[in-house]
Amino acid sequence: MEIVISGVGFGLFCIGLGLALKGYYIGKGLQNFRKPAKEIDYFTFLKESDLGDFFNLNSHEINTL
């Protein structure tokens, strides 16, 4: 029993398999359409004690700013 990998039948099988996978992944993508995975929090504030580490300044320089 031999498996023939060439020919029209195998080509049509590969095209069908490709279309099925394409439909699956597009369907999975549409399930999450316009639903962001994670909302970005832009309102994160730094404490005054952390400013020195973030901007590489000492406490006197921070107080003068």
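This passage describes the fold, surface and local geometry of a predicted protein model.

Residues are numbered from 1 along each chain as its sequence is written, and side-chain values use heavy atoms, without hydrogens and water. Because the model is predicted, local features need pLDDT of at least 70 and side-chain atom pairs count only at pLDDT 80 or more, whereas totals for chains, interfaces and linings use all residues.

The mean pLDDT of the protein is 81; pLDDT is the predictor's confidence in each residue, from 0 to 100. A value of 70 or more is reached by 82% of the residues. Among the elements, α1 has the highest mean pLDDT (90) and α2 the lowest (82). Where pLDDT is low, the predicted coordinates should not be read in detail.

The protein contains three helices and zero strands. Along the sequence the pattern is α-α-α. Helices (H or I, at least four residues) and strands (E, at least two) are DSSP runs, numbered from the N terminus.

Of the 65 residues in the protein, 3% are buried. Buried means under 20% relative accessible area, exposed over 50%, and partly exposed in between (1.4 Å probe, protein chains only). The accessible surface comes to about 6800 Å². Carbon and sulfur atoms account for 63% of that surface. Areas come from the Shrake-Rupley method with a 1.4 Å probe; for residues, only the protein chains shown count as cover.

A nonpolar surface patch is formed by Phe10, Phe13, Leu17, Leu21, Tyr24 and Tyr25. Together these residues have about 660 Å² of accessible area. Patches are made of residues with over 30% relative accessible area and no salt bridge; like charges are joined within 9 Å, and nonpolar side chains (Val, Leu, Ile, Met, Phe, Trp, Tyr) within 5 Å. A salt bridge is a side-chain nitrogen of Lys or Arg within 4 Å of a carboxyl oxygen of Asp or Glu. Leu21 lies in helix α1 (residues 8-31). Leu21 is partly exposed, at 43% relative accessible area.

Gly52 sits in helix α2. Gly52 is buried, because its relative accessible area is 12%. Beyond four places in sequence, Gly52 touches Leu57 and Ile62, where contact means heavy atoms within 4.5 Å. Gly52 and Ile62 are ten residues apart in sequence, and their C-alpha atoms are 7.0 Å apart.

Three aromatic pairs were found in the whole structure. Phe54 and Phe55 form an edge-to-face pair, at 4.9 Å centre to centre and 85° between the planes. Rings of Phe, Tyr and Trp (its six-membered ring) pair if their centres lie within 6.5 Å; planes under 30 degrees apart count as stacked, over 60 as edge-to-face and the rest as tilted. Phe54 is exposed, at 57%.

Asn56 lies in the loop between α2 (48-55) and α3 (59-64). Its phi is near 60°, a positive value in a residue other than glycine. Most residues other than glycine have a negative phi. Asn56 counts as exposed, because its relative accessibility is 69%.
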